Amino acid sequence: MRELTIRLSALAPEAANALHVVAYFDRLVEHGAGSRSVLRGAAILSGCPVGFVDRTHGNSWRVLPDGTFTAPEPEAAETWPRVAAGDGSLEMWLERAEPVEGGLDALVLERALLAAATMLGRTADTPEQRRAGWIQTLLADDPDDAARDAALRGLGLTATTPLCVVATADDTPLLASSIDDARTAIGAGRAGIGPIVPARAAATSWRQARSARRLTAEGTQQDPGDRVVLAEETGTLLVLAASIRPDETPPADVVALEDAATTTAWMLETLHAISTTNSVRDAASVLHLHHSTVQERAARADRVLGWNVLSQRGKQRTQLALVMRRILAAR
């Protein structure tokens, strides 16, 4: 390793410096050095004070470039380079307003945190895992204030940064700065989109996004409806989606829909079109059928379901049954 570093120093000084940093912290881990030795090394290598907090044990330290430990700063500046564990329990920063060229600050922080986490019996995550951990912390119903603030910093957000949260089909959360960006991130997928909120209230957007996702459909003949639903456009239906228990017994109207769908392939798609348009002709246009065909289908649906699907009340009843069917299918 030493010979390789010497050769690299002549050819690519930045690569040699990076290799030196990696080797330095690897040696500390190999020899079982304590976390204080790791912090001292980070301060010496970076040439600036280093701050570190272990929220699990309530410890915080500050180390000067000469290796001296001093009283921690009351608050770390937002502009200082920093890195944190995915759950926000460990965080480290350099007291430097402008990072050095070549990305060495980031490497020192990454390797020092990895070493410190190892000494403390933790696992230091990859950048992707850390981001996922920060998002999980931010979206928790009752996050610890310090952990939430660490998550915001890790994600490059402030408490007031506007964002919305997307709940994808597999329950993976995505953060977006606008509804348009959220739609772009989803692509052709199926998802619920929460309202735009300040980043500190992201948990609210997440809860509503998950409820909105339960209102989505595949957009097929057997599961007609929107693949993407905006929470802010659903009104009272969002309350319904959030209140239905996973073990809820399907209402009679939903059972009737299911029974009708098993014997008539066009039933659900036709009922969706009829209940969401103003007239039979409008429904026929959506279905690309002649209006007389839709009229005949509506008459058959009346007989099978037991209510007039073309009346205003019947349309409301059909819409609610279709919505309940989606919610129960999303359990």
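Select F52 and W61 to begin: both of these residues are buried, where buried means under 20% relative accessible area, exposed over 50% and partly exposed in between, with a 1.4 Å probe and protein chains only. The model in the viewer is predicted, so that local features need pLDDT of at least 70 and side-chain atom pairs count only at pLDDT 80 or more, while totals for chains, interfaces and linings use all residues. Residues are numbered from 1 along each chain as its sequence is written, and side-chain values use heavy atoms, with hydrogens and water left out.

**Aromatic rings**

The structure holds 2 aromatic pairs; rings of Phe, Tyr and Trp (its six-membered ring) pair if their centres lie within 6.5 Å, and planes under 30 degrees apart count as stacked, over 60 as edge-to-face and the rest as tilted. Select Y24 and F25 next, which form an edge-to-face pair with 5.3 Å centre to centre and 90 degrees between the planes. Y24 is partly exposed at a relative accessible area of 21%, whereas F25, at 1% relative accessibility, counts as buried. Return then to F52 and W61, whose ring centres are 5.7 Å apart and whose planes stand at 10 degrees, so the pair is stacked.

**Two loop residues**

Move to D171, found in the loop between β6 (162-168) and β7 (173-176); helices (H or I, at least four residues) and strands (E, at least two) are DSSP runs numbered from the N terminus. The phi of D171 is near 70 degrees, a positive value in a residue other than glycine, and D171 counts as partly exposed at 27% relative accessibility. Continue to H288, in the loop between α12 (280-287) and α13, which has a positive phi of about 60 degrees although it is not a glycine. H288 is exposed, with a relative accessible area of 71%.

**A helix crossing**

Finally, select helix α11 (residues 267-275) and helix α13 (residues 291-305), whose axes come within 10 Å and cross at roughly 105 degrees. The axes are lines fitted to C-alpha atoms, for helices over the stretch in contact, with angles running from 0 to 180 degrees between N-to-C directions. The contact (heavy atoms within 4.5 Å) is made by M267, T270, L271 and I274 of α11 and by V294, R297, A298, A301 and L305 of α13.
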